[in-house]
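Visitor: Hi! I'm new to this one, could you walk me through it?

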Amino acid sequence: MCADPIDNASELELLNTQIALANRPVPEPRSLTCRNGDCGEPSRDGCNYCSPECREDHERELWAAKNRKVA
């Protein structure tokens with residue numbers, strides 16, 4: 001008995017989902033101190049930063065480091 005194309009597609013979708021879940025990045029654990037290296041203040045509950053400004057500053061620094069070109 002031949003496999004139905006719909007069953008094959010379903011199995012492929014399941015395989016792709018399992019592969020994507022296995023390869024997703026593991027989130028960093030919550031930090032008790034602000035992740036912005038210049039700050040050092042305690043972070044707010046449920047957050048890794050002490051304020052939205054610190055989060056934005058740190059995100060800018062990470063982006064700049066990632067996109068910095070080596071001469």
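Guide: What follows is a chat about cysteines, a loop, a surface patch and some charged side chains. Keep in mind that this is a predicted model.

Visitor: Okay, cysteines first. How many disulfides does the structure hold?
Guide: Zero disulfides are found in the structure.

Visitor: Remind me, what is a disulfide anyway?
Guide: A disulfide is a covalent bond that joins the sulfur atoms of two cysteines.

Visitor: Is Cys 34 buried or exposed?
Guide: Cys 34 is buried, because its relative accessible area is 7%, and the cut-off for buried is under 20%.

Visitor: Let's move on to the loop. Where is Asn 36 found?
Guide: Asn 36 lies in the loop between two helices, H1 (5-23) and H2 (52-67).

Visitor: Buried or exposed, that Asn 36?
Guide: Buried: the relative accessible area of Asn 36 is 3%.

Visitor: Which residues does Asn 36 touch?
Guide: Leaving aside residues up to four places away in sequence, Asn 36 touches Tyr 49, Cys 54, Asp 57, His 58 and Glu 61.

Visitor: How far is Gly 37 from Cys 54?
Guide: Their C-alpha atoms are separated by 9.3 Å, while along the chain Gly 37 and Cys 54 are 17 residues apart.

Visitor: New topic: the surface. Which residues form a nonpolar patch there?
Guide: Leu 12, Leu 15 and Ile 19 do, and together they have about 260 Å² of accessible area.

Visitor: Tell me about Leu 15. Which helix is it in?
Guide: Leu 15 is in helix H1. With 43% relative accessibility, Leu 15 counts as partly exposed.

Visitor: Now the charged ones. How many salt bridges are there in the whole structure?
Guide: The search finds three salt bridges. As background, side chains of opposite charge can pair when their charged atoms come close.

Visitor: Which residues does Arg 55 pair with?
Guide: One partner is Glu 56, at 4.0 Å from N to O. Arg 55 also forms a salt bridge with Glu 59, where the closest N and O atoms are 3.2 Å apart. Arg 55 and Glu 59 are four residues apart in helix H2, so about one helical turn separates them.

Visitor: What's the remaining bridge?
Guide: That joins Arg 60 and Glu 56, again with 4.0 Å from N to O. Arg 60 and Glu 56 are also separated by about one helical turn of H2.

Visitor: Which residues are linked in the network, then?
Guide: Arg 55, Glu 56, Glu 59 and Arg 60 are linked in a network of salt bridges.

Visitor: Last one: how exposed is Arg 60, and what about Arg 55?
Guide: Arg 60 is exposed at 53% relative accessible area, whereas Arg 55 is partly exposed at 31%. Glu 56 is partly exposed at 34%, and Glu 59 is partly exposed at 41%.

Notes: Residues are numbered from 1 along each chain as its sequence is written. This is a predicted model: local features need pLDDT of at least 70, side-chain atom pairs count only at pLDDT 80 or more; totals for chains, interfaces and linings use all residues. Side-chain values use heavy atoms; hydrogens and water are left out. A disulfide is a pair of cysteine sulfur atoms within 2.5 Å. Buried means under 20% relative accessible area, exposed over 50%, partly exposed in between (1.4 Å probe, protein chains only). Contact means heavy atoms within 4.5 Å. Patches are made of residues with over 30% relative accessible area and no salt bridge: like charges are joined within 9 Å, nonpolar side chains (Val, Leu, Ile, Met, Phe, Trp, Tyr) within 5 Å. Accessible areas come from the Shrake-Rupley method with a 1.4 Å probe; for residues, only the protein chains shown count as cover. A salt bridge is a side-chain nitrogen of Lys or Arg within 4 Å of a carboxyl oxygen of Asp or Glu.
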